[in-house]
Amino acid sequence: MKILLHTDTESENTSRIKNLIEDELPKIKIVQTNSQQHLSETLCRPLHNFSALIAVMDNSKGFSDLLSLKPLIENIKLILLVCKKHNDIIGFIIRLAPIYVKYDDNNFMDIISILKRIEQKQDRSVNLFEISKISAF
């Protein structure tokens, strides 16, 4: 499974969540981006096969940039980690339609459990595909 870890500004949370994912889910490949352009280039690659995008957002400009890339992330599960509560970001969150929103509280185990669930669903669908492929012979 491959995930994107995107941040609009480098923060301590980004490195902590990356380290936690690497420790808890060693089979997951993490691709890190830190600008709208880098994220766009990464998503525009054919067959990128990203399962999830964890976006660590700090300001409304970052949300606006992410919203402009919405067509590129429609088939990717979006998890938002909001560093600061602002009233002006609620509209962005609603329009982005993430599967999970977390306000920074330094405990990222719930994000790990969501990633584990996504990974389990993917493993199950791969197994079903292999079974149907074998039974076709």
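Buried residues are those under 20% relative accessible area, exposed residues are over 50%, and partly exposed residues fall in between (1.4 Å probe, protein chains only). Helices (H or I, at least four residues) and strands (E, at least two) are DSSP runs, numbered from the N terminus. The views below come from a predicted model, in which local features need pLDDT of at least 70 and side-chain atom pairs count only at pLDDT 80 or more, while totals for chains, interfaces and linings use all residues. Residues are numbered from 1 along each chain as its sequence is written, and side-chain values use heavy atoms, with hydrogens and water left out.

**View 1. Overall arrangement of the protein chain.** Five helices and five strands are present in the protein chain. Along the sequence they follow the pattern β-α-β-α-β-α-β-α-β-α. Of the 137 residues in the protein chain, 40% are buried.

View 2. Helix α2 spans residues 36-44, and L39, S40, T42 and L43 are buried in it. These residues lie on the same side of α2 because they cover an arc of only 165° around the axis; the arc is that of the directions from the helix axis to the C-beta atoms. An α-helix has 3.6 residues a turn, so residues three or four places apart point the same way. The exposed residues Q37 and C44 are carried on the face of α2 turned away from its buried side. Q36 also belongs to helix α2 and is partly exposed, at a relative accessible area of 30%. Between the C-alpha atoms of Q36 and G62, which are 26 residues apart along the chain, the separation is 8.1 Å.

View 3. Rings of Phe, Tyr and Trp (its six-membered ring) pair if their centres lie within 6.5 Å; planes under 30 degrees apart count as stacked, over 60 as edge-to-face and the rest as tilted. One aromatic pair is counted by this rule. The pair is formed by F63 and F92 and is stacked, with 6.2 Å centre to centre and 20° between the planes. Because F63 lies in helix α3 (residues 60-68) and F92 in helix α4 (residues 90-96), the pair ties together parts that are 29 residues apart in sequence. F63 is buried at 1% relative accessibility, and F92 is buried at 15%.

**View 4. A lysine over a ring.** K2 lies over the face of F50, 4.7 Å from the ring centre. A charge sits over a ring if NZ of Lys or CZ of Arg is within 6 Å of the ring centre and within 35 degrees of the ring normal.

**View 5. Residue A97 in a loop.** A97 is located in the loop between α4 and β5 (100-103). Although A97 is not a glycine, its phi is positive, at about 55°. Most residues other than glycine have a negative phi. With 52% relative accessibility, A97 counts as exposed.

**View 6. I118 and K77.** I118 is placed in helix α5 and is buried, with a relative accessible area of 8%. The C-alpha atoms of I118 and K77 are 8.7 Å from each other, and the two residues are 41 residues apart along the chain.
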